[in-house]
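User: I am new to reading protein structures. Please walk me through this one, feature by feature.

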Amino acid sequence: LRGLGSGRIGFAAGARGDGPGRRGHWVWSRGGPVVRAGSSPGCSGGAVVALTREEGKNGKLAELLEERGIAWVEVPCIAHAPGEDHAQLAGALEAGGWDYVVVTSPEAASVLLAAWEGAERPPTTVASVGASTSKALAQGGLPPVFQPSKATAATLAAELPVPLGGGTPKVLYPASARAATTLQEGLATRGFQVTRLNTYDTQPAVWDDATSAEAASASIVTFASPSAVKVWTDRVGTAQPAACIGETSGAAASKA
């Protein structure tokens with residue numbers, strides 16, 4: 001996918017001048033502002049932003065766009081379903097013995113919290129990959145004890161503290177079935193014993209003709225996961241500029 005107006009992939013950023021955090025309609029990349037979106041379909045530019053997270057999880061970004069008068073359309077690219085190890089998670093939590101349960105996405109946090117509740121809230125020490133995941137965990141009653149300096153699996157694997165007391169530290173990793181092995185392999189090289197459970201899976205969302213037409217009408221597309229990038233490029237192509245949340249999604253869009 002081509003970058004926003006300059007051959008670069010755009011990345012979501014915080015408030016900065018006229019950036020999306022406060023005023024105006026600039027979309028930011030790592031190199032600065034690269035395109036100015038129109039305020040509505042009828043205005044000059046007429047940008048329409050496609051929101052591709054799973055159904056029901058695009059609300060926050062939609063509200064931010066509406067506050068700035070930017071038109072959007074929800075085109076979910078992915079849907080979540082239980083993974084092959086989903087039923088084992090509650091029992092693993094109840095059995096205990098884990099130095100950490102590591103969580104690498106808000107969806108993984110949601111799955112963990114449901115299993116934790118089902119196991120009647122056993123003592124659980126959680127490490128989170130980043131701010132959004134930490135927020136979801138804290139809101140559910142499991143505030144993480146650790147969050148790395150950078151929200152990537154590689155950084156989490158490199159920075160997770162080794163518990164005091166000696167012995168082989170044990171980590172439970174409730175993951176997406178499609179998640180890479182970066183985290184478990186990185187922890188294993190540091191001497192952690194990692195048990196990975198594929199607790200949920202990411203599947204392509206079902207589109208009807210109307211959804212396909214809405215996707216084709218978008219002038220900018222947003223991505224929050226590599227899975228959404230793949231679905232979009234398979235079904236729509238790579239003509240639209242892309243704005244991505246996170247390095248992993250950005251790398252997938254750049255590769256596409």
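User: Is Trp207 buried or exposed?

Analyst: Start with the cut-offs: buried means under 20% relative accessible area, exposed over 50%, and partly exposed in between, using a 1.4 Å probe and protein chains only. Trp207 has a relative accessible area of 16%, so Trp207 is buried. A word on the source: this is a predicted model, where local features need pLDDT of at least 70, side-chain atom pairs count only at pLDDT 80 or more, and totals for chains, interfaces and linings use all residues. Residues are numbered from 1 along each chain as its sequence is written, and side-chain values use heavy atoms, with hydrogens and water left out.

User: How many aromatic pairs does a search of the whole structure find?

Analyst: A pair of aromatic rings is described by the distance of the centres and the angle of the planes. Rings of Phe, Tyr and Trp (its six-membered ring) pair if their centres lie within 6.5 Å; planes under 30 degrees apart are stacked, over 60 edge-to-face, and the rest tilted. The search finds 2 pairs. Trp207 and Trp232 form an edge-to-face pair, with 6.3 Å between centres and 75° between planes. This pair links distant parts of the chain, 25 residues apart: Trp207 is in the loop between strand 10 and helix 7 (209-217), and Trp232 is in helix 8 (residues 226-235). Helices (H or I, at least four residues) and strands (E, at least two) are DSSP runs, numbered from the N terminus.

User: Which residue forms an edge-to-face pair with Phe223?

Analyst: Trp232 does, at 6.3 Å centre to centre and 75° between the planes. Phe223 and Trp232 are both buried. Trp232 has 0% relative accessibility, so it counts as buried. Trp207, Phe223 and Trp232 make one aromatic cluster.

User: What sits over the ring of Trp207?

Analyst: A charge sits over a ring if NZ of Lys or CZ of Arg is within 6 Å of the ring centre and within 35 degrees of the ring normal. Here the charged end of Arg235 does so, 4.8 Å from the centre of the Trp207 ring.

User: In what order do the strands of the open sheet run?

Analyst: Two strands pair if DSSP finds at least two bridges between them. The open sheet has 5 strands, in the order 6-10-9-7-8, with mixed pairing. Strand 6 (78-82) and strand 8 are at the edges with a single partner strand each, so one side of each has no neighbour in the sheet. Strand 9 (residues 170-176) and strand 10 (residues 193-204) run parallel, joined by 7 bridges. Ser176 stands opposite Tyr200 in strand 10.
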